[in-house]
Amino acid sequence: MREPAKQEIIDKLELVLQNKLTKEEVADWASKYVVTDDYPVTDLTVFRFLKTVSGLDTLLAPGEYMYDDGDIKNWMNKYSNK
């Protein structure tokens, strides 16, 4: 499995904003790169972005996500400029 590019991560977040992927799906996808040595990520910026996205499905309470669309857009802007 190859290392994802920043644009690939941004594209997945865009699909969350469009309600085409769930926060859980994208967080699970990002987590497989962050929590295992099976899929090494050599680009530190990409690794940090994946680490951030892996927490996308964090809940404050049942049905209440910690991160909203504004947070997702901020992440996309932050990492698209690096």
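Modeller: Let's start with Ser54, which sits in the loop linking helix H3 (44-53) to strand S1 (59-61). Keep in mind that this is a predicted model.

Colleague: Why is Ser54 called buried?

Modeller: Buried means under 20% relative accessible area. Ser54 has 18%, so Ser54 counts as buried. Its contacts, leaving aside residues up to four places away in sequence, are Ala27, Ala30, Ser31 and Val34.

Colleague: And what does the side chain of Ser54 reach?

Modeller: The side chain of Ser54 comes to 2.6 Å from the backbone oxygen of Lys51. The limit for a polar contact is 3.5 Å, so this pair qualifies.

Colleague: Nice. On to helix H4 (residues 69-80): what puts its buried residues on the same side?

Modeller: Those residues are Ile72, Trp75, Met76 and Tyr79. They span an arc of only 100° around the axis, and therefore lie on the same side of H4. Their packing partners are helix H1 (6-17), helix H2 (23-34) and H3.

Colleague: What caps the N-terminal end of H4?

Modeller: That is Asp68, with a side-chain oxygen 3.0 Å from the backbone nitrogen of Gly70.

Colleague: Last one: what makes Glu8 and Arg2 a salt bridge?

Modeller: Their closest N and O atoms are 3.0 Å apart. The cut-off is 4 Å, so the pair passes. The count comes to one salt bridge.

Notes
Residues numbered from 1 in each chain as written. Predicted model: local features only at pLDDT ≥ 70, side-chain atom pairs only at ≥ 80, totals over all residues. Heavy atoms only, no water. Helix = DSSP H or I, 4+ residues; strand = E, 2+ residues; numbered from the N terminus. Buried < 20%, exposed > 50% of the residue type's maximum accessible area, 1.4 Å probe, protein only. Polar contact = N/O pair within 3.5 Å; in protein donor to acceptor, adjacent residues only side chain to side chain. Contact = heavy atoms within 4.5 Å. Arc of directions from axis to C-beta. Salt bridge = Lys/Arg side-chain N within 4 Å of Asp/Glu carboxyl O.
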